[in-house]
Amino acid sequence: MIKHKRALGRALTLAVAIGVVGGTLPGNSAFAGTATKTTAARSADTSDDPRLRDLLHRLTTVDGGPGALGEVRNRHDSTALTSGVADVTNQAPMRGDSRFRIGSMTKPFVATVVLQLVGEHRVALDAPVEHYLPGVVRGQGNDGREITVRQLLQHSSGLPDYLDYLNPQQILKDPLAHHDTRDLVNLALAHPPTFEKPGAKPGSEWHYSNTNYLLAGMLIEKVTGQPYAKEIRRRIITPLGLHDTFVPGEDTALPGPHPRGYVRPGEDAPLMDLTAINPSIAGASGEMISSASDLNRFLDALVRGRLLRPAQLNAMMKTRPTGSDDGRAYGLGLESRPLPCGGLYWGHGGDIFGYQTAGGATVDGRQATVMVNLDPGGTDAQDADMNAAVEAGLCEGRPSYPQ
C-alpha cells in the first residue's frame with residue numbers, strides 16, 4: 001500500500017516534532033541488538049535453511065526491525081522461522097503462526113476475483129472502466145472512458161495515487177478514523193494523470209497507483225452486487241480454507257496471535273505502536289490480514305491454476321517491465337522477479353502502517369513469505385533483505401543456488 005516509505009518517514013518525523021503523535025514506545029536502532037531468535041519447524045522433515053535464518057536475524061539486528069518471520073513451503077512440508085520480538089515492551093518472541101496486515105498483498109486477491117468475473121463473462125478486460133463505474137473516473141484529464149479494466153489491474157491507467165495526497169499527520173492523529181473509498185478516489189482524481197511523456201495515453205506507461213485497486217474493488221461490488229470483501233471470502237478464502245485470512249473492513253483489531261505493528265518516524269526516533277488502525281485507509285488496495293502459511297497456500301493455488309481458468313491466468317502472468325533494476329515485471333495484480341537459482345517467481349510485496357510483507361511462489365510448487373513488524377521507517381537494507389529472504393526460501397536445496 002505505502003509507495004513512498006522514505007518520504008512518509010520524513011513526514012512522520014515532522015509529526016513527532018510538532019507533537020501530533022503521542023503514546024510512543026521505547027525502541028530505536030539500539031534495540032535491534034537485543035533481538036532474540038526462535039526457530040519453529042512445522043515439519044521435522046524440512047531442512048533448516050541457514051541463509052534464510054541468517055537473513056531473518058539480519059532483519060532484526062543490522063536492519064533494525066523489532067521482529068521477523070518467514071515460512072517456506074513446498075509440496076511435501078513447510079518450515080516457519082522467526083527472529084526478534086513481537087512486542088518491544090514485554091519482549092514476547094515472534095511467533096511463526098502470527099497474523100499480520102499484508103498491505104498490497106491484498107492486490108492479488110482483488111485481481112483474482114476480477115479475473116474470475118472475466119472468466120464468467122461478467123467483466124471484459126479491455127472494456128472501459130466507464131462501462132462498470134459510469135461517471136466515477138472524471139477530472140483533471142482522468143477519464144474512465146479511456147481507461148480499461150486491464151490497465152487498472154496492471155497499473156498502466158495513469159491515475160494518480162491517492163496516497164500521494166494524504167496527510168500522514170492526520171492519519172497518525174486519528175488512526176481509527178473511517179475513510180470512504182469514493183472520497184479517497186476523488187482525492188486522487190483532483191490531480192492530473194501521472195504520465196511522464198507529453199500526450200501519453202492510458203496503457204502507454206507503468207506507474208504504480210493504489211487508486212487503481214480502490215476502483216477494482218468498486219467494480220467487483222458493482223458487477224456482483226456484493227461487497228468485494230464478501231466475494232474474496234466466497235471465492236478464495238473459504239474454498240482454500242484460509243483460516244488466518246480476513247478482509248477486516250472497519251475492524252481496527254487483528255484477531256488471533258499477532259505481533260505489534262511499529263512505525264519508526266526517523267533514523268534515531270523511538271518506535272511508535274500503530275497496531276490498531278482503521279483499514280479503510282487502504283480498502284481494496286491493501287486492507288487484508290493474513291499469515292505466512294495462508295499467503296503461501298494462496299500463492300501456490302493461484303500460480304498453479306486452482307483459482308483461475310488458463311486464459312485468465314495467462315492474462316494475469318502477461319507482464320510489462322516496471323523499470324526497476326532487479327528485473328521486476330508486473331502482470332495483473334501479480335509481479336514476477338528472476339531467481340538467483342534460475343527461473344522466475346511470482347508474488348507481491350505489501351506495506352501498511354506497522355507491517356512489511358514480501359512473498360512469492362514458483363510454478364513447480366515452492367512458496368516463501370517473509371514479514372517484519374516495522375513499516376514505514378525501515379531501511380533500504382530491510383527492503384533488500386526481505387526480498388533476499390524470499391529468494392533464499394525459494395532457492396533452498398537447488399544446486400545452482402550460491403551458498
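Which side chain is joined to that of R235 by a polar contact of 2.7 Å? In this predicted model, the partner is E231. R235 is found in helix α9, which covers residues 228-240. The side chain of R235 also has a polar contact with the side chain of E120, at 2.8 Å. Leaving aside residues up to four places away in sequence, R235 touches V113, Q116, L117, E120, R122 and L307. The relative accessible area of R235 is 9%, and because this is under the 20% cut-off, R235 is classed as buried.

The protein chain as a whole contains 12 helices and 15 strands. It has 403 residues, and buried residues make up 61% of them. Among contacts with a separation of 6 or more in the protein chain, 72% are accounted for by residues 24 or more positions apart. G64 is placed in the loop between α2 (50-59) and β2 (67-73). With a relative accessibility of 6%, G64 counts as buried.

Two of the residues that R235 touches, V113 and L117, also take part in the packing of helix α3 against helix α8. Two packed helices are described by the angle between their axes and the distance between the axes. Helix α3 spans residues 106-119 and helix α8 spans residues 211-224. The angle between α3 and α8 is about 35 degrees, and their axes are 10 Å apart. The crossing of these two helices is left-handed. On the α3 side, the residues in the contact are K107, V110, A111, V113, V114 and L117. They meet Y213, A216, G217, I220, V223 and T224 of α8. Sorted by class, the residues in this contact are 9 nonpolar, 2 polar and 1 charged.

A search for disulfides over the whole structure gives 1. A disulfide is a covalent bond between the sulfur atoms of two cysteines. Here the cysteines are C341 and C395, with their sulfur atoms 2.0 Å apart. The angle about the S-S bond is -75 degrees, and the link is left-handed.

S285 is placed in the loop between β8 (272-273) and β9 (289-291). The side chain of S285 makes a polar contact of 3.4 Å with the side chain of Y162.

Methods. Residues numbered from 1 in each chain as written. Predicted model: local features only at pLDDT ≥ 70, side-chain atom pairs only at ≥ 80, totals over all residues. Heavy atoms only, no water. Axes fitted to C-alpha atoms, helices over the stretch in contact; angles between N-to-C directions. Helix = DSSP H or I, 4+ residues; strand = E, 2+ residues; numbered from the N terminus. Left-handed = near helix turned anticlockwise from the far one by under 90°. Contact = heavy atoms within 4.5 Å. Nonpolar A, V, L, I, M, F, W, Y, C, P; charged D, E, K, R; others polar. Buried < 20%, exposed > 50% of the residue type's maximum accessible area, 1.4 Å probe, protein only. Polar contact = N/O pair within 3.5 Å; in protein donor to acceptor, adjacent residues only side chain to side chain. Disulfide = S-S within 2.5 Å.
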